[in-house]
Amino acid sequence: MTVPVDGDNLLMNRNRSPHPSPARPADVPPLVVTADDDLLASLLPLAAAADVAPTIARDPRSALTTWTRAPVVLVGADLATAMARVAPELRARSYVVTDVRPPDQLFRTALDLGAESVIELPGSADWLVELLADLTERHPERAHVIGVIGGTGGAGATTFACALGQWAARSGDAVVVDCDPQGPGLDRMLGLERSEGFRWDALCRTTGRLSARSLREALPRRGTLGVLSWYVDGRPQTLQAFAVREALSAARRGHRVVVVDLPRSPDPLVDEVAARCDQLVVVTVGSVVGVAGAARMRARFADHADPGVVLRGEAFAAGEVARAVGLPVRAQMRDQRGLAEAVDLGFGPLRSLRGPLARAAARVLEAPLAEAAA
Ligand SMILES: Nc1ncnc2c1ncn2[C@@H]1O[C@H](COP(=O)(O)OP(=O)(O)O)[C@@H](O)[C@H]1O
Ligand SMILES: [Mg+2]
């Protein structure tokens with residue numbers, strides 16, 4: 001088991017980054033500090049499984065050479081006290097590792113070192129492999145995450161979320177994450193319902209850390225577009241906080257763009273996910289009801305850093321809607337002809353790259369994709 005040193009939730013704990021490591025070349029290997037050959041014999045196969053070759057320091061002084069530059073530091077329980085004594089710089093992603101039951105004192109020492117947690121082997125072997133596997137990730141920069149929510153039911157939020165994913169996938173890895181258990185199933189919308197791969201139910205059964213690569217490779221996908229969807233079997237399903245956090249974190253590390261389809265129902269977990277999105281899109285129809293619904297969303301997400309509206313239909317002018325809702329209108333689109341047919345045929349909503357849906361998706365993604373390409 002992996003025991004967080006401050007008793008906090010492991011996920012939260014891991015995200016804690018009191019002293020973010022300075023920018024470092026991607027080719028600095030992880031650092032293992034131990035003189036314990038048995039521990040090393042447990043650790044090296046895990047590093048090999050993750051496809052990384054760590055630097056090994058057999059004493060604290062030689063560890064200092066790459067202490068701050070290594071992307072991850074694993075300090076063996078045998079040298080933890082000695083390491084703490086040389087007072088290395090506090091850094092994120094350092095861990096104390098042991099292959100025996102840790103004495104209570106070890107947690108104190110881990111705290112002194114500023115380690116994020118004490119990793120116990122062999123129990124946490126999988127967790128550690130996933131942590132190390134992320135070091136070989138080809139998307140070291142985090143993805144742009146877009147949350148999509150409807151102003152009213154049937155506004156076209158799910159359709160637009162899929163369209164964003166399809167557009168983004170034209171220029172890099174993208175994933176659409178279905179956070180609406182009551183929705184139609186994003187895999188079906190994208191013609192991937194028959195594809196093998198992880199759905200939420202499988203993710204809810206996994207425990208611990210998921211590397212970006214594991215998630216990306218486990219999801220149903222077509223080309224560069226992956227989908228995290230519900231396994232629709234008629235049973236009521238709900239979002240599980242730990243699975244959502246873990247999935248989003250891995251998705252963000254493994255893709256260039258992450259699109260999250262958010263349900264409108266009030267749920268603190270949905271609000272949390274929305275808060276983690278870089279950009280929030282409220283899809284709304286141009287009608288009195290649609291505008292009122294979008295205004296409610298503006299109030300609900302009043303603190304969000306970058307909310308905006310995508311307006312469907314031409315009954316109202318964008319400027320009028322922007323004023324009434326109190327949010328900028330990022331795009332306005334006519335109804336997409338042949339949408340139902342495109343979805344039925346398994347092409348997803350974005351069958352044509354020139355229709356109104358594609359143009360609106362391109363607008364919304366213009367800035368983030370330009371930034372990612374820069
Ligand atoms: N851009 C669009 N053009 C035409 N019809 C659309 C568009 N977006 C959604 N629809 C239609 O509206 C209905 C609801 O769409 P959906 O995306 O599921 O909405 P929401 O997720 O907001 O409830 C669907 O029947 C869909 O075909
Ligand atoms: Mg929906």
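## Terms and model

Helices here are DSSP runs of H or I with at least four residues, numbered from the N terminus. With that in hand, let's look around this predicted model.

## Around the ligand

Helix α7, which covers residues 157–168, gives the largest share of the shell around ligand 1: three residues. The residues around the ligand include Gly-154, Ala-155, Gly-156, Ala-157, Thr-158 and Thr-159. Also among them are Arg-312, Met-333, Asp-335, Gln-336, Leu-339 and Leu-357. By type, the shell splits into five nonpolar, five polar and two charged residues.

An oxygen atom of ligand 1 sits 2.5 Å from an N or O atom in the Thr-159 side chain, and an oxygen atom of the ligand is 3.2 Å from a polar backbone atom of Ala-155. On the nitrogen side, a ligand 1 nitrogen lies 3.5 Å from an N or O atom in the side chain of Arg-312. Taken alone, ligand 1 exposes 560 Å², and the protein buries 70% of that.

## The sheet

Now for the strands. Eight of them make an open sheet with mixed pairing, in the order β9-β10-β8-β11-β7-β12-β13-β14. At the edges are β9 (221–222) and β14 (329–333), each pairing on one side only.

Strands β8 (residues 174–178) and β10 (residues 225–228) run parallel and are joined by four bridges.

## A helix across the strands

Helix α13 (residues 288–300) lies across β7 (144–150) and β12 (279–285). The helix runs at about 160 degrees to β12.

Definitions and conventions:
Residues are numbered from 1 along each chain as its sequence is written. Chains are lettered from A and ligands numbered from 1 in the order in which they are written. This is a predicted model: local features need pLDDT of at least 70, side-chain atom pairs count only at pLDDT 80 or more; totals for chains, interfaces and linings use all residues. Side-chain values use heavy atoms; hydrogens and water are left out. Two strands pair if DSSP finds at least two bridges between them. Helices (H or I, at least four residues) and strands (E, at least two) are DSSP runs, numbered from the N terminus. Contact means heavy atoms within 4.5 Å. Axes are lines fitted to C-alpha atoms, for helices over the stretch in contact, and angles run from 0 to 180 degrees between N-to-C directions. A residue is near a molecule or strand if one of its heavy atoms lies within 4 Å of it. A polar contact is a pair of N or O atoms within 3.5 Å; within protein, one must be able to donate a hydrogen and the other to accept it, and residues adjacent in sequence count only if both atoms are side-chain atoms. Accessible areas come from the Shrake-Rupley method with a 1.4 Å probe; for residues, only the protein chains shown count as cover. Ala, Val, Leu, Ile, Met, Phe, Trp, Tyr, Cys and Pro count as nonpolar, Asp, Glu, Lys and Arg as charged, and the others, Gly among them, as polar.
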